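Work through the exercises below with the sequence and the model at hand. Each task is followed by its solution.

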Amino acid sequence: MNPSIPGFEQTRPAGAISDLRERAIPLADQHRRWQPSDGPMPALFVSHGAPPALDDHDWMNSLYDWAQSLPKPRAIVVISAHWENAPVAISASAANTPLYYDFGGFDPTYYTLKYPTPDATDLAQRVAGLLGYSPVHQYTDRGLDHGAFIPLMAMYPAGDVPVVQVSMPSLNPQDLLQLGEKLKELRKEGILVIGSGYMTHSFAVFRHPELTGHLDAFDEWAAHAIHSGDVDKLMAYMDKAPGARIAHPTADHYVPLLLTMGAADDPRTAKTVFTRRGLGNHIRSIQVA
């Protein structure tokens with residue numbers, strides 16, 4: 001990620017998240033906690049953004065308002081575009097595990113960010129039991145990467161919800177769909193399952209704005225398939241979607257969407273929670289029951 005790309009020039013690094021934390025953390029205890037009577041938590045797909053997303057007040061507030069519209073989960077399992085490991089592995093679950101700063105070339109402020117979360121040992125054990133093989137490797141020194149901690153900082157600024165990150169087993173959409181199906185049961189227990197990627201993920205558009213139409217076409221296609229619950233079409237995006245190779249030169253930021261759809265009870269309930277452009281790309285984010 002290159003800070004010389006237009007839109008990355010920041011005058012107050014992490015300013016938006018600092019402002020949000022100042023406003024939201026004192027209110028954290030007022031967020032109603034999930035109860036069994038609420039039914040299953042939804043599954044989410046979040047377009048997470050690079051570190052400068054933490055300077056975007058609209059984006060941070062949209063994520064926060066989204067989380068506030070839901071009961072506060074008992075715990076969170078997140079799958080990020082930035083961790084591929086086979087077989088599937090689990091991140092550190094100890095309280096206050098340091099973040100994993102998996103980016104380079106940005107303002108030093110971004111490398112001092114903290115997001116201390118509660119102990120998630122029980123959650124890690126529950127996830128390991130659902131994966132269907134043993135033993136499941138846990139990276140005890142790998143904290144949340146930016147695909148996980150950037151959206152979660154905005155959604156739960158107080159860091160008061162246990163979190164574990166689960167790796168992607170591959171970039172094959174079928175593998176992510178199946179992983180979501182394995183994790184689906186967690187939603188009935190008040191656990192939020194999040195796939196974190198980006199609805200379009202093109203760096204080329206920064207320098208070649210004439211590519212914008214291809215990104216728009218892909219986003220429109222994806223929105224129609226998502227809102228129709230057409231998982232088969234979403235799985236075959238590379239063959240069926242207009243502009244697929246421009247919108248996603250690599251699959252890593254797209255396939256977490258299949259994790260989300262796999263974790264759903266009914267993909268036809270999928271809805272867009274918010275969408276607009278972020279750094280030239282589409283940040284459509286969805287919720288599905």
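The model used here is predicted.

**Exercise 1.** Which residues of helix 2 are buried, and what do they pack against?

Solution. Buried means under 20% relative accessible area. In helix 2 this holds for Trp59, Met60, Leu63, Tyr64, Trp66 and Ala67. They cover an arc of only 160 degrees around the axis, and therefore lie on the same side of helix 2. An α-helix has 3.6 residues a turn, so residues three or four places apart point the same way. The packing partners of the buried residues include helix 1 (15-24), helix 4 (146-155) and strand 5 (271-274).

**Exercise 2.** Is Arg187 buried or exposed, and which backbone oxygen lies 2.6 Å from a polar atom of its side chain?

Solution. Arg187 is located in the loop between helix 5 (173-183) and strand 4 (191-197). Its relative accessibility is 2%, so Arg187 counts as buried. The backbone oxygen in question belongs to Met41. Beyond four places in sequence, the contacts of Arg187 include Pro40, Met41, Pro42 and Ala43.

**Exercise 3.** Which helix gives the most to the lining of the largest pocket?

Solution. The largest pocket has a volume of about 150 Å³. Among its lining residues are Arg74, Asp119, Arg126 and Glu189. Helix 3 (residues 121-130) gives the most, with four residues.

Conventions: Residues are numbered from 1 along each chain as its sequence is written. This is a predicted model: local features need pLDDT of at least 70, side-chain atom pairs count only at pLDDT 80 or more; totals for chains, interfaces and linings use all residues. Side-chain values use heavy atoms; hydrogens and water are left out. Buried means under 20% relative accessible area, exposed over 50%, partly exposed in between (1.4 Å probe, protein chains only). Helices (H or I, at least four residues) and strands (E, at least two) are DSSP runs, numbered from the N terminus. The arc is that of the directions from the helix axis to the C-beta atoms. Contact means heavy atoms within 4.5 Å. A polar contact is a pair of N or O atoms within 3.5 Å; within protein, one must be able to donate a hydrogen and the other to accept it, and residues adjacent in sequence count only if both atoms are side-chain atoms. On a 1 Å grid over the protein atoms alone, a cavity is a set of points where a 1.4 Å probe fits but cannot get out, and a pocket is an open set with protein on both sides within 12 Å along at least five of seven lines; lining residues have an atom within 4 Å of a point. Grid points are joined across faces, edges and corners, and a volume is the space filled by probe spheres set on the points.
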